[in-house]
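Subject: Structure handover

Hello,

Here is the structure for your files. Please have it open as you read on.

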Amino acid sequence: MSSISRRQILMSGAFLWLFAVAGTTLVAVTEYSTSSAIAENERQLLLRNLYALLPRDKLDNDIATDTHQLAASTLLGTETETSVYRARQAGEPVAAVFNSIAPNGYSGRIHLLVGVYVDGSLAGVRVVKHAETPGLGDAVELRKSPWIKSFDGKSLDNPQTSGWAVKRDGGDFDQFTGATISPRAVVKAVHNTLLYYQQNADMIFDQ
Amino acid sequence: MTTRSEITRNGIWSNNVALVQLLGLCPLLAVTSTVINGLGLGIATMITLVLSNSIVSLIRGFVRSEVRLPVFVLIIASVVTIIELSMKAMFFDLYLVLGIFIPLIVTNCAIIGRAEGFASRNPLGPAALDGLMMGLGFLSVLVVLGGLREIIGFGTLFAHAELMFGDAAKALVIEINPDYPGFLLAVLPPGAFFGLALLIAAKNWFDLRPVAQHQDASAVSAETV
């Protein structure tokens, strides 16, 4: 190895450079040719999630593009700007769907979609991303347990503030056998989202 | 010159990536909580192995040995990224299930191991076959381990098959006992280690068994004589 000539080193370097360029080009070409299909797929997924919260017949606007950027907020649990999706019928506001985060799950953040009707009642809540313990805390997911549907129709007055907690903490919401932390985090995040909506309702539906 | 049957036997059994070479354990242990997860990662790994082995074999004449490892890494990383993007564009639902596991393939040392140990010294045909068979061997272990952990951990088999094969596959789901309380340890990472250890032990037992039988037989015949 001690007798590698400068020429050989340059050759190897050039060869490596060639491969880096070829590899990057291929990835870039693939990225370019798939990006529109990927964006469309992601839009469809977003629509599927939104329509799961808000029945399609209650809105007639393009909810995926009728968005508003919300600044980071401790009530929403967000540290960066997030989108709020706005449902309207005949131009009148129907509901807003927030990207909220429960920061204190058992294994980090639990990402939620929270749908709130104009009158401040909940259209529904879905967990979109989490890392809770399989078999225990992951019952916050709809495909594991119907628990998340217990939020449907609830609002800041129903139950009263003291009821916005899991039963072990004296509230109205069930916890899971062996897992209190995950549902506690979700209940708090949903309640905070409702508070956020109450304080910012006017701004949210502004054009 | 390695023959086709030798390559096949090596890949699937006698030099199995997961059971004998013990490579690629990071993705193996991370995703095998269900059959479907194991199957998905197995297929993606197999495609990566075939493509990376083929490309490495095609360029084996030009690569200077000092830079071969960075070149292999570049090839593997590009192939995996392209697979991920194509999957996201064409099989989005499958991507939603496996998306987080695809980048894990890059951490699978079995792929660079086959590039260096086999593909860089063999022509295209055998190299591609080796990729396919090594991939198939890895896939089988992922599926068996996934099945083992799913049955013990959740009491089901093929759960969430619809995510990969469409709604018709919901019929595939087998619930062994609806009241099964579940066994969390099997689902968590320690369960993966125990399961893999059992599989390795079973394979070794199977490989050593004919020898033992042979000895028994000779012992018996010696007695009768």
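Below are the notes on chains A and B.

This is a predicted model: local features need pLDDT of at least 70, side-chain atom pairs count only at pLDDT 80 or more, and totals for chains, interfaces and linings use all residues. Residues are numbered from 1 along each chain as its sequence is written, while chains are lettered from A and ligands numbered from 1 in the order in which they are written.

Chain A first. It splits into domain 1 (1-53) and domain 2 (57-204); the bounds come from an automatic or database domain assignment. The C-alpha centres of these two domains of chain A are 37 Å apart. Seven residues of domain 1 of chain A are in contact with ten of domain 2 of chain A (contact: C-beta atoms, placed from the backbone, within 7 Å). On the domain 1 side, five of the residues are nonpolar, one is polar and one is charged (nonpolar: Ala, Val, Leu, Ile, Met, Phe, Trp, Tyr, Cys and Pro; charged: Asp, Glu, Lys and Arg; polar: the others, Gly among them).

Next, the interface. Chain A puts 17 residues in contact with 19 of chain B. The chain A side has ten nonpolar, six polar and one charged.

Now chain B. It has ten helices and two strands (DSSP runs, numbered from the N terminus: helices are H or I, at least four residues; strands are E, at least two). From the N terminus, the order in chain B is α-α-α-α-α-α-α-β-α-β-α-α. Its C-alpha atoms fill a box of roughly 65 × 55 × 30 Å along the principal axes.

Best wishes

Notes: Two residues are in contact if their C-beta atoms, placed from the backbone, lie within 7 Å.
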